[in-house]
Structure formats: C-alpha cells, structure tokens
Amino acid sequence: METGHETLPVTPSQTVGPFFGYALPYDDGPRVAPQWHPDAITLRGTVLDGAGDPLPDAILEIWQADADGTVPSGEGGLLRAGHGFSGFGRCPTDSAGRYWFSTVKPGPVGGAAPYIAVLVFARGLLKPVATRLYFPEETEANAADPVLSAVDAERRGTLVAQRENDGGYRFDIRLQGDGETVFFAS
Amino acid sequence: MATDPHPPYLSPGYKSTALRAPARPLPMPKLGPDAIELTGPVFGHQELGALDHDLTRQHAGEPMGERIIVTGRVLDSRGRPVRGALVEVWQTNAAGRYVHLVDQHPAPLDPNFTGAGRCLTDGEGRYRFVTIKPGAYPWRNHHNAWRPAHIHFSVFGTAFTQRLVTQMYFPGDPLFAHDPIFQSIPDERARERLVARFDLDTTVPEWALGYQWDIVLDATPMEA
C-alpha cells in the first residue's frame, strides 16, 4: 500500500473531555510491571494547572523500555494477567490530581539517558502534552542526553523526577505557570 | 509539510484551556532513530472482549435510539493502513447523557447502554463499531452552550508520537457553528475531517444507518 510521497491530511485532535472515566481506564493500567517484581518501582506525581490547582480529570499514559533497555514489541498493552512487562501504562488522576505507576526503571536505549515518555490528556487540553521523565541519579547520562541537554538549562529540572524514600520517584507535571514542565512539540 | 491541523492549546472560546494550556514555547526534540517515542505499545485480540465493538449488545436488552454502524480506516499520512491499531470509543446515550458521575445533565440514563467500546483494526486498517447515535448535551462553558453529538475516539499508531484522541461528529449538525471545541481547529477543511460521511453502502437494510470516517495519523518525526 506504499503510495509514494502522496500525503493525506491529518485528522485533527480534540480534547479527551471530562467523561472518559468509564471508558479509558482499565484495571491493570497503572501496573506496567507487577508490584511483586523484584525491581518494581513506584512513580507518583500530581498534575497541576496554571493556578497551582490539581487536575482531577486528567489521564496519563507512559511508554518505556524494559530494565535492560529492550523496547517491548509483543502484545499485552492492555492485558498483562499479573505477569510480564508491557512498557505501556495508563492512569487517570484521582480527585487530588494524583497518579501512580508501578514499573521498572528503564535501561538506556541507543546511547540516550534512560527515560520514560509521558503523555497527559485532560479536559481543557485540545491535544495531549508530551514530556519525558528522566532519573535524578543519572547525572552523567543526563548531561550527555541530546534531548535533555537541548532544553534551556533553567527548565531542564522539570524533566527530572525526584527520588523518594521508598526507592520510587516523584514527577509532578505543571501545565502552566511557575515551574511549567517542558513539553515537546511533535 | 502541511500546516498544523491540530487546535492550539490556548483557545479562549473553550474556557478550560485558560489555565491548562502550556504558556512556554514547546521545543522540538531531535529524536534519534532509537527514541522510544518512535515505537508504541502493541495490542492483541485476546486483550479485548468479543462484544467490545458492539455497544448495542453489552446489556440484557437493546439500547434506545437510532442504531448506527460507524466504520473507517486508520491510515498514516502516507496512506498506509495502520493494522492492529487499538481504537477506543466513548459517547453519550441517545438522550445526550454519559454514564459518568460527573455528568449531571437531567436526561435519562439507559440501563441498556454504557457507551464505551474498543476494537483492533484489521489487515486493511479498518475498524467497525455498532452503536446508537449519541445526543447533543448542554455544558457550562458559556450561556446556552451545547455540544454537537459526537463520539470520542482514542487511536494508537505505530509510534507514541502518533497518539490521537479526537471526536467524530455527524453531518449537518446545526451546533457546529456554536461549539468552541469544534471551532478550536482554525482550518475549516481540517474541521470537516472530523465529520463522518453518511454512506448508503454501509447502511444495512431494515437494521442500521451507516457512517464512514477515516482517521489519518501524523507522520512520525523521522518521516516528516
């Protein structure tokens, strides 16, 4: 079906709206890796608007490599049946704007620093925002990462998660205003 | 490269964008060939229920409303079918009411209609849903604000950068001109691409009206 260089006009985005809650979330959505996995970590954060108020009606998706840097290519994005690693997670925010994922820290892929790709959808977002979660202990790899190091130095920290006492990470997302998270154009 | 078909983040007519639209410029990342965003999750048929694509058969009885078939192809911007793509939909019932606690529109719920479905595209990139025509409903964006009838669509391409969430509308809706979400797309021709086409060949005699609606995903950054 290759049609050369002919290009079709792209379908525009529209907001996910406030009413996805009975359709998009699913039971294992936040469990990218099972919590009994020996290397399981928990990612947590809050999604905030330009007034600093939490978003109770956002939904996040993450996509990442496995601990050894392997990008998952098999089926299992939705149904993990308590085992396996899909690389994909989906979690709606709760009434306080909080989300969580159980996953493993990804290994580096192709010389980049390890990172997790993050999308946020919400009422009031006419298209998703795309960002990346980097890891704070990867000082050298982060400094050499071509995408992270291309971001203005004073905003780079918004892409780096904070280590928590339980070995997990905290990654708050500010859509607008002071400390606005760096979002990427695509 | 064609002009950006997508709405801007900040669209003053749609009031919820005011505090949620990013205000800082968005850097364009130089993605290497190994960037994880150039791949995406894969879904299999065993992950879906047999009736997930038929929103009229998920309860003991049949839902009220006008039964319809909505089908089309998921393509990339080069016209290639996206096979095995997960397509998820959600919508109101025929009266314009969502099965959602936040929806307080005083229209009746339908015990035989949830309004959520999903399917995987076939070898030609085709999806197909059986459902009922959703209703218009009021919202509080401005005085006397009503959303045109629509079905929410969530689509995965082969790359995470192609991820698309959008809404499909029905032809000839008088609410288009008054809807700031539809009108948030600056280009009129781009807006029209969100409107399904009534199709007599898709219509099943004595049973359901048919609509065709193709979905075209962005090129990946490596191809653009």
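The legends below describe close-up views of a predicted model.

Residues are numbered from 1 along each chain as its sequence is written, while chains are lettered from A and ligands numbered from 1 in the order in which they are written. In this predicted model, local features need pLDDT of at least 70, side-chain atom pairs count only at pLDDT 80 or more, and totals for chains, interfaces and linings use all residues; side-chain values use heavy atoms, with hydrogens and water left out.

**View 1. The open sheet of chain A.** Four strands of chain A, in the order β3-β2-β5-β6, form an open sheet with antiparallel pairing. Strands are DSSP runs (E, at least two residues), as helices are (H or I, at least four residues), and both are numbered from the N terminus; two strands pair if DSSP finds at least two bridges between them. At the edges stand β3 (88-92) and β6 (129-134) of chain A, each of which pairs on one side only. From one strand to the next the twist averages 25°, where axes are lines fitted to C-alpha atoms (for helices over the stretch in contact) and angles run from 0 to 180 degrees between N-to-C directions. Strands of a sheet pair through backbone hydrogen bonds, either parallel or antiparallel.

**View 2. Strand β2 of chain A and its partners.** Strand β2 (residues 58-63) of chain A is joined by six bridges to the antiparallel strand β5 (residues 115-122) of chain A. Within this pairing, A:Ala58 has A:Ala122 as its bridge partner, and A:Trp63 stands opposite A:Ala117. Five bridges pair β2(A) with β3(A), again in the antiparallel sense. Strand β2(A) is mostly covered, six of its six residues being buried; buried means under 20% relative accessible area, exposed over 50%, and partly exposed in between (1.4 Å probe, protein chains only). A:Ala58, A:Leu60 and A:Ile62 point one way from the strand, and A:Ile59, A:Glu61 and A:Trp63 point the other way.

**View 3. The salt bridge between A:Arg90 and A:Glu61.** A:Glu61 has A:Arg90 as its bridge partner in β3(A). The two residues also form a salt bridge, with the closest N and O atoms 2.8 Å apart; the term denotes a side-chain nitrogen of Lys or Arg within 4 Å of a carboxyl oxygen of Asp or Glu. Because A:Arg90 lies in strand β3 and A:Glu61 in strand β2 of chain A, the pair ties together parts that are 29 residues apart in sequence. A:Arg90 is buried at 1% relative accessibility, and A:Glu61 is buried at 2%. A network of salt bridges links A:Glu61, A:Arg90, B:Glu88 and B:Arg163. Over all chains, a search of the whole structure finds 22 salt bridges.

**View 4. The open sheet of chain B.** In chain B, four strands in the order β3-β2-β7-β8 form an open sheet, and the pairing is antiparallel. Its edge strands are β3 (116-120) and β8 (164-169) of chain B, each pairing on one side only. On average, neighbouring strands of this sheet are turned by 20° against each other, direction ignored. Strand β2 (residues 86-91) and strand β7 (residues 150-155) of chain B run antiparallel and are joined by five bridges. Here B:Val89 has B:Phe153 as its bridge partner in β7(B).

**View 5. Two buried salt bridges in chain B.** B:Asp179 and B:Arg147 form a salt bridge in which the closest N and O atoms are 2.9 Å apart. B:Asp179 lies in the loop between β8 and α1 (188-192) and B:Arg147 in strand β6 (residues 145-147) of chain B, so the pair ties together parts that are 32 residues apart in sequence. Both B:Asp179 and B:Arg147 are buried. A further salt bridge joins the side chains of B:Asp76 and B:Arg80 (2.7 Å, N to O), and both of these residues are buried.

View 6. B:Val216 belongs to strand β11 (residues 215-217) of chain B and is buried, with a relative accessible area of 8%. Leaving aside neighbours within four places in sequence, B:Val216 is in contact (heavy atoms within 4.5 Å) with A:Leu8, A:Pro9, A:Val10, A:Thr11, B:Leu75, B:Asp76 and B:Ser77.

**View 7. Surroundings of B:Lys133.** B:Lys133 sits in the loop between β4 (126-132) and β5 (137-139) of chain B and is partly exposed, at 25% relative accessibility. Beyond its neighbours within four places in sequence, the contacts of B:Lys133 include B:Glu66, B:Gln91, B:Phe170 and B:Tyr211.
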